[in-house]
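Q: I have a structure open on my screen and would like to learn how to read it. Could you walk me through it?

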Amino acid sequence: QKTVSFLGSEQISTGVYDGILTPQASCEILSVLSGSFLGESLYKNKTKLKDKIGEKCFSQIVTLVDSGLVGMGAFPFDGEGAPSQENILVQEGIFKTFLYDTYYGNKFNSLSTGNAARSGIKEPPMCGRRGFYLERGLKDVYSQVTDGIIIEELMGTHTANPITGDFSLGAVGHLLKGGNKIPFKGVIFSGNIFDLLNTVQAIGNDLKFYGTCGSPSLLIQGMKISGK
């Protein structure tokens, strides 16, 4: 059904659009953002969140959590045997804490948050996300948009800058005009992840996990699209 909905896709006009990021597109954005919360990034001075604990860094409706008990990598303990736990990273827009394994926890006189992750059984544990997700909202955001865009998928997230949050990514989705959906492709969605999560107007109730990242649909204001 999704594939058929993209038949006849064309570029849309360059502009600034209000609209929706689907859970899949939102998870691709969050996968880049997650590195900013790691103790390793803090130690290596590779995060914009350094010295910002207690400050408002995101929209007040954004709550971000990393839990070793949800998502694809859910398990009672992490790669070092530390108990998995739920870590509230951002609460109503306020940045709360970084994530640590034992090594980087010792660097900052902190206990492990259960964030030693292994990429395979033969690999040593490294500081990493477990089940990184944005908490669901209460409403269906799709009913709130009759004119705008829905970004279904993003391409090239590996090119985004995980330190500054700047990105310029290929995007496919649907243009909404009077409630009608017109498929588009071949456009570039650009901006900054931190700015993007400051312009979230509403959060959907459709939380979905893709691997170790989870997100509901997000209603976003002012998305910059480069098309024809």
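This is a predicted model: local features need pLDDT of at least 70, side-chain atom pairs count only at pLDDT 80 or more; totals for chains, interfaces and linings use all residues.

Q: What share of the residues in the protein chain is buried?
A: Buried residues account for 47% of the 228. As for contacts between residues at least 6 apart in sequence, 71% join residues at least 24 apart.

Q: How many salt bridges does a search of the whole structure find?
A: Let's take the general idea before the case. Side chains of opposite charge can pair when their charged atoms come close. Here the protein chain carries 21 positive and 21 negative side chains, and the search finds two salt bridges.

Q: Which residue forms a salt bridge with Lys 2?
A: That is Glu 153, with the closest N and O atoms 2.9 Å apart. This pair links distant parts of the chain, since Glu 153 sits in strand 8 and Lys 2 in helix 1, 151 residues apart.

Q: And Glu 40, which meets Lys 44 in a salt bridge: is Glu 40 buried or exposed?
A: The N to O distance for Glu 40 and Lys 44 is 2.7 Å. Buried means under 20% relative accessible area; Glu 40 has 16%, so Glu 40 counts as buried. Lys 44, at 41%, is partly exposed.

Notes: Residues are numbered from 1 along each chain as its sequence is written. Side-chain values use heavy atoms; hydrogens and water are left out. Buried means under 20% relative accessible area, exposed over 50%, partly exposed in between (1.4 Å probe, protein chains only). Contact means heavy atoms within 4.5 Å. Lys and Arg count as positive and Asp and Glu as negative; His and the chain ends are not counted. The place of a charge is taken as NZ of Lys, CZ of Arg, CG of Asp or CD of Glu. A salt bridge is a side-chain nitrogen of Lys or Arg within 4 Å of a carboxyl oxygen of Asp or Glu. Helices (H or I, at least four residues) and strands (E, at least two) are DSSP runs, numbered from the N terminus.
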